[in-house]
Amino acid sequence: NNAGPLTVTRASFTRNTGGAITDFGNYNSGSDTVTGSTFTGNAGGAINYQSFPEGSPPTLVVTRSAFTRNTGSGITCSYYASCYLSVTRSTFTGNAGSGISSASQDIQMTVSRSTFTHNTADLGGAIDIDSSQMGILTATSDTFNGNTATSGGGAIYNFDYVAATDSTFTGNSAPVGGGMENEWNSDVSGSTFRNNRAASAGGGL
């Protein structure tokens, strides 16, 4: 999709190669939306969001969707793209390369009432925000179970800023930051960390 808007509702994407959807953002106005859809076993990422706005960045809004056993991440944003993303009431299960990942240098991401289970990656098994410029993640009322990372951040890795509120981290693991690893600033409130494991430091965070 290019120029937009993109609206996907109650669609199913299974075992596609090169990603299920590549979205270059909405250059007009409003948000691109994915609602009530399933993404299963896709190679190269389920949704590749590559927004290069000329003005204010649009937002990709994902609601009540399921991402299962995709490789290359469930949702991913590239280094040079703007990554404005809102995810609500969705599930990420058994994805390789993180449930959600972004190396963008302009990230505004909110994830709420979503569940991440048994996702794997080098950094951030469930969510990887690897931005050295502006990477803001707000996670609210989310559940992270049994996610693993081979380097750091079993559930969440964020290089910049993360706020985790009323979320649960259980049985996640990584060498550093079994539940969460954050390189700079973090605010954690009303959240529970239980049975997370780190080989060297920060079993919980």
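Two residues are in contact when heavy atoms of theirs lie within 4.5 Å. In this chain, residues 24 or more positions apart account for 75% of the contacts with a separation of 6 or more. The model is a predicted one, in which local features need pLDDT of at least 70 and side-chain atom pairs count only at pLDDT 80 or more, while totals for chains, interfaces and linings use all residues. Residues are numbered from 1 along each chain as its sequence is written, and side-chain values use heavy atoms, with hydrogens and water left out.

Of the 205 residues, 48% are buried. Here buried means under 20% relative accessible area, exposed means over 50%, and partly exposed lies in between (1.4 Å probe, protein chains only).

Two residues show the contrast. Val-87 sits in strand E10 (residues 82-88) and is buried, with a relative accessible area of 0%. Beyond the residues up to four places away in sequence, Val-87 touches several others, among them Val-62, Ile-75 and Phe-92. Val-62 is 25 residues from Val-87 in sequence, yet their C-alpha atoms are 4.7 Å apart. Gly-190, in the loop between strand E25 (185-189) and strand E26 (192-194), is exposed at 59%. Leaving aside neighbours within four places in sequence, Gly-190 is in contact with Asp-166 and Ser-167.

The aromatic rings come next. The whole structure holds 7 aromatic pairs. Rings of Phe, Tyr and Trp (its six-membered ring) pair if their centres lie within 6.5 Å; planes under 30 degrees apart count as stacked, over 60 as edge-to-face and the rest as tilted. Phe-13 and Phe-39 are stacked, at 4.9 Å centre to centre and 5 degrees between the planes. This pair links strand E2 (residues 12-14) with strand E5 (residues 38-40), and both residues are buried. Phe-169 and Phe-193 have ring centres 4.5 Å apart and planes at 5 degrees, so this pair is stacked. Phe-169 is buried at 0%, whereas Phe-193 is partly exposed at 27%. These four residues belong to one aromatic cluster, which also includes Phe-67, Phe-92, Phe-116 and Phe-144.

How values were computed
Helices (H or I, at least four residues) and strands (E, at least two) are DSSP runs, numbered from the N terminus.
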